[in-house]
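Dear colleague,

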Amino acid sequence: MTAPRTLLQITDKGPGQGGIARVVAQHAALATAHGWTVRRLRLVSGAARPAPEHGDMLAPVELARHLPAASDLLQRLEAALAGVDVVHLHLGFDSLAPDVVRHAAARAPLIVHLHDTAPFKPPRPRTLREGLARRVLRPVRRAAWAAIRTEADCIVAPSRFLLDAAVEAGLPRPRTALVHHGIALPDTAPPPPSARPPVVLYAGLLSRAKGAPLLLDAFAKLDIPGARLRFLGDGPDTGAMRARAGAPDLAGRVQFLNRVAPSDVARHMSEAKVTAFPTLLDEGLGLSGLEALAQGCPVAGFARGGAAEWLIDGQTGLVAQAATPEALADAMTRLLSDGALADRLAATGRALVAREFSEARVIAALDGLFARLTKGEAA
């Protein structure tokens, strides 16, 4: 009989907090199904102390290059580490106390999962206040990244782009691994795009960096009878976008549905003719676009960062070659007006997800990695 194995996940994302939270929850479910006992330690800010959900243990975020042994964070971390076989740290934030990395690595094999470039290349601050805060925390962020480079047994990334960027930032390539995010296909194939109404869907953060306001300007240029644009999510630019949607060239053509449950996101994707992916960031992977492909919905957008590994022009969607409303509008117009093209791209996209991004491939890769590390083998 195989001895019980315990996995500790460390994350700062709770339920409803975007794609990283969904990946963490998926990994927990898959590991549990394969015989692992999973614990989760969630780091929360002092201003927001939610009640534990799903048995999560909570610890306060403490950002400093060195934490005293009596710190609340380290004491809760030590309690969570008791009897753990593997630690899986999900980096969804750009600052982390380096002592968290060191303490975890001293107790069990440590896997660090990258989701974007923020740990070594934080995004441009949106406000002066945010810029000042990042400047103050810059030494902590650098120390945390140095600790990851030296202490982690393996660093995992969901795309070749992100893996290569992390190696350029100092990670030793022999201790890295590529593990895609797992995307669930629906039990029954959704209707082809040609049989769907002319709806363009966007799912994600409503922010300039993600290209959501640019999408509004692009949609205003469409001349497709009955076309509608539907936003799922919220974000810092929601107010300005709602005001823009009330202008004469968009009035009555745009819906804002705010945040919806993951199952409802999948349903909306299965009903839309096109999913827009207008991000202006170098994405770690681009989870929402892959989820759209799983639902048989071709994607129109910008193939930046890891998104270029699944958004393939003329195969899984149409890539707007310039980051402009005009180029994006042209890509959306072609998919909305050419049903045969949309159907072909949708079929190719679903096949790519089934082949490269299945949940079975993810758990096989992670389970094998966990097993090797518990035996003291190199990643």
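Glu 326 has a relative accessibility of 46% and therefore counts as partly exposed, where buried means under 20% relative accessible area, exposed means over 50%, and partly exposed is in between, with a 1.4 Å probe and protein chains only. Its side chain meets that of Lys 221 in a salt bridge, at 3.6 Å from N to O, a salt bridge being a side-chain nitrogen of Lys or Arg within 4 Å of a carboxyl oxygen of Asp or Glu. The pair links distant parts of the chain, 105 residues apart, since Glu 326 is in helix α10 (residues 325–337) and Lys 221 in the loop between α6 and β9 (228–232). Helices (H or I, at least four residues) and strands (E, at least two) are DSSP runs, numbered from the N terminus. Lys 221 is likewise partly exposed, with a relative accessible area of 47%.

Before going on, please keep in mind that this is a predicted model, in which local features need pLDDT of at least 70 and side-chain atom pairs count only at pLDDT 80 or more, while totals for chains, interfaces and linings use all residues. Residues are numbered from 1 along each chain as its sequence is written, and side-chain values use heavy atoms, with hydrogens and water left out.

How many salt bridges does the count come to by this rule? It comes to 20. In general, side chains of opposite charge can pair when their charged atoms come close.

One of these pairs is Asp 217 with Arg 244, whose closest N and O atoms are 3.0 Å apart.

Another pair, Arg 102 and Asp 99, stays within helix α3 (residues 98–107), where the two are 3 residues apart, about one turn of the helix. Their closest N and O atoms are 2.7 Å apart; Arg 102 is partly exposed at 30% relative accessibility, whereas Asp 99, at 8%, is buried. There is also a network of salt bridges that links Arg 40, Arg 42 and Asp 56.

Lastly, Asn 258, in the loop between β10 (254–256) and α8 (262–271), has a positive phi of about 60° although it is not a glycine.

Best wishes
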